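Look over the sequence and the model below before reading on.

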Amino acid sequence: MRITFLTGAGMSAESGIPTFRDALTGLWARYDAERLATPGAFRNDPALCWGWYRWRAAMVQRAHPNAGHLGIAELARRGHAVEVITQNVDDLHERAGSHEVVHLHGSLFASRCLDCGTAVVPDPILAGLDALDAGAREAPPACAACGGPFRPGVVWFGEALPEAAWQQAQASLEACDLLVVVGTSGLVQPAASLPALAQARGVRVIEINPVDSGVSALAQERLRMPAGAGVQVLLDRFG
Ligand code: OAD
């Protein structure tokens with residue numbers, strides 16, 4: 001069976017990564033995640049924004065894939081054609097062993113120069129991450145080519161999605177036999193419009209989320225439970 005997963009921040013919650021609408025702690029408690037994830041936030045206060053993404057990258061590096069990520073990779077090992085369309089900027093699906101992963105909102109581990117787009121190896125967002133704990137303001141490094149500041153490789157609010165990722169996501173939704181939507185509030189467009197593509201083709205939509213979301217209404221089945229338990233239900237059923 002061709003199974004497409006559309007995943008959001010709730011997918012990684014059991015790995016200890018806060019979702020976007022969870023309150024932040026420490027230095028970040030005064031800030032709203034959505035307000036830090038904009039081109040304007042970076043322009044107004046690059047050190048705050050770069051420091052925030054460095055803190056998130058450090059948290060992701062220390063985290064481990066959870067039962068949900070591992071279960072999705074296991075479904076592929078058991079013979080299903082599994083594709084993962086994720087809004088997450090972490091790499092936990094890949095580290096769990098999933099090979100077909102499309103990142104609609106970019107990656108925490110792909111920073112580049114804001115002005116000329118140059119990327120360098122190793123990625124400066126990773127430098128000294130082991131030492132980062134609560135996070136700190138930190139000026140972004142300057143590009144050796146043009147002197148511009150480095151920015152994280154994520155998609156900010158108001159920016160277009162990477163075109164190739166968006167095309168792949170749509171193709172996956174046009175080809176799947178089952179869509180499983182995991183841990184997304186379904187509020188952020190255009191990602192939130194993808195389940196309707198499957199629904200329009202008469203494809204079954206299953207949602208895994210402890211609470212109702214913006215996409216619940218078009219799911220035929222709602223598994224009101226965390227990602228790990230929900231994916232286990234699928235493994236028991238389709239594995
Ligand atoms: P949100 O933070 O909006 O929503 C997280 C969803 O996960 C909520 O519906 C929760 O109920 C659900 N949830 C929480 N714990 C869960 C668990 N253990 N298992 C399953 N579900 C759980 O995150 P997203 O929908 O991913 O965009 O947010 C979408 C986009 O908005 C993000 O990619 C980001 C954000 O601002 C950009 O940065 C452009």
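How many nonpolar, polar and charged residues does the lining of the largest cavity have? This is a predicted model, and the counts for its largest cavity are 12 nonpolar, four polar and two charged residues.

Rolling a probe the size of a water molecule over the atoms shows where empty space is left. In this model the count comes to one cavity of 30 Å³ or more. The volume of the largest cavity is about 180 Å³. Its lining consists of 18 residues, and those closest to the centre are Ile17, Pro18, Thr19, Phe20 and Arg56. The element that gives the most to this lining is helix α3, residues 46–62, which supplies five residues.

Next come the pockets, which are open sets rather than spaces that a probe cannot leave. The largest pocket has a volume of about 690 Å³. A total of 40 residues line this pocket, and Ala9, Phe20, Arg21, Thr184 and Ser185 lie nearest its centre. Sorted by class, the pocket lining has 20 nonpolar, 14 polar and six charged residues.

Now step back to the whole chain. It has eight helices and eight strands. The radius of gyration is 18 Å, close to the 18 Å that the globule rule gives for 239 residues, so the chain is as compact as a globular protein of that length. Taken along the principal axes, the box filled by the C-alpha atoms is roughly 50 × 30 × 30 Å.

Of the contacts between residues at least 6 apart in sequence, 70% join residues at least 24 apart. Buried residues make up 51% of the 239 in the chain. The accessible surface comes to about 10,500 Å², and carbon and sulfur atoms account for 54% of that area.

Is Gln87 buried or exposed? Gln87 lies in the loop between β2 (81–86) and α5 (92–96). Its relative accessible area is 12%, so Gln87 is buried, as the cut-off for buried is under 20%. Leaving aside residues up to four places away in sequence, Gln87 touches Thr7, Gly8, His105, Thr184 and Ala191.

Definitions and conventions:
Residues are numbered from 1 along each chain as its sequence is written. This is a predicted model: local features need pLDDT of at least 70, side-chain atom pairs count only at pLDDT 80 or more; totals for chains, interfaces and linings use all residues. Side-chain values use heavy atoms; hydrogens and water are left out. On a 1 Å grid over the protein atoms alone, a cavity is a set of points where a 1.4 Å probe fits but cannot get out, and a pocket is an open set with protein on both sides within 12 Å along at least five of seven lines; lining residues have an atom within 4 Å of a point. Grid points are joined across faces, edges and corners, and a volume is the space filled by probe spheres set on the points. Ala, Val, Leu, Ile, Met, Phe, Trp, Tyr, Cys and Pro count as nonpolar, Asp, Glu, Lys and Arg as charged, and the others, Gly among them, as polar. Helices (H or I, at least four residues) and strands (E, at least two) are DSSP runs, numbered from the N terminus. The radius of gyration is taken over C-alpha atoms; the globule rule is 2.2 Å times the number of residues to the power 0.38. Buried means under 20% relative accessible area, exposed over 50%, partly exposed in between (1.4 Å probe, protein chains only). Contact means heavy atoms within 4.5 Å. Accessible areas come from the Shrake-Rupley method with a 1.4 Å probe; for residues, only the protein chains shown count as cover.
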